[in-house]
Amino acid sequence: MQNDELIWQNINLNFCSYKVKAKQQKQTFCKNEYNVTGLCNRQSCPLANSKYATVREEKGVCYLYMKVIERAHTPKEMWEKIKLPRNYEKALEIIDKHLIYWPKFTVHKCKQRYTKIVQYLIRMRKLRKKNTKKLVSRDLKMEKRESRREAKALAAAQLDQSIEKELLERLKKGTYGDIYNIHKDVFEKLVDEEEEDEEEEESEFVEDFDESDLEDIEDYSLEMEMEGASAKKKVKITE
């Protein structure tokens, strides 16, 4: 038969795996997940009380857990689990309904624990809606290594480009004559780029045509027609 007082004397005076003593405060805490207050004392200990009740939260849903002496011989079915609704007032009514003949200390602590759980669930929902900054760890050694590699690669690329440019300029000037064999594709590519730069389209803004300009254009067209007719006559005469 279970004796609560004997169990508490062993837990209090001897070793308990759930007991945690604080160094700064003269208070002993309890790590048992069924403890309703989190403190290690006679009324709050779930091991030393055959009749016990608590409230727990699982994945955002609150449950009322109850333990009685009649189920002490079946550890698998020792705790009765009752789901509490999201409505705060209805949940308190269910707690009062199931703990109607229980000690006032147990009823009060269950309501207090349920209120605290509801408050931190509300805070969690508010934090999810906000755009909070995510802290990400940085590997400084890796960043320094990558920066050094990038600097070396950039210096090597600039050196290759400068060497290639210098050799092409010397080839254009004819410094080496015909003894220096450079890849024709590279040389032709450089020449084409220079020609494209030289042949860039140039646009200018000009005034509109005046009447005198139009008359000059008409006179020029008449002269061209007359020259063409005279040329045809000469061809016929020679024939």
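About 150 Å³ of space lies in the second largest pocket of this predicted model. A pocket here is an open set of points on a 1 Å grid over the protein atoms alone, where a 1.4 Å probe fits, with protein on both sides within 12 Å along at least five of seven lines. Volume is the space filled by probe spheres set on the points, which are joined across faces, edges and corners.

Some ground rules. The model is predicted, so local features need pLDDT of at least 70 and side-chain atom pairs pLDDT 80 or more, while totals for chains, interfaces and linings use all residues. Residues are numbered from 1 along each chain as its sequence is written, and side-chain values use heavy atoms, without hydrogens or water.

Back to that second pocket. Its lining, meaning residues with an atom within 4 Å of a point, includes Val-36, Thr-37, Lys-109 and Arg-113.

Now the largest pocket. Its volume is about 190 Å³. Thirteen residues line it, and Gly-60, Pro-85, Arg-86, Leu-121 and Arg-125 lie nearest its centre. Which helix gives the most to this lining? H3 does, with 5 residues. Helix H3 spans 104-129. Helices are DSSP runs (H or I, at least four residues), numbered from the N terminus.

Last, the cysteines. How many disulfides does the structure hold? The count is 0. A disulfide needs two cysteine sulfur atoms within 2.5 Å. The sulfur of Cys-40 is 5.8 Å from the closest one, in Cys-30, so a bond is out of reach. Cys-45 is in no disulfide either; its nearest cysteine sulfur, also in Cys-30, is 6.1 Å away.

Conventions
Helix = DSSP H or I, 4+ residues; strand = E, 2+ residues; numbered from the N terminus.
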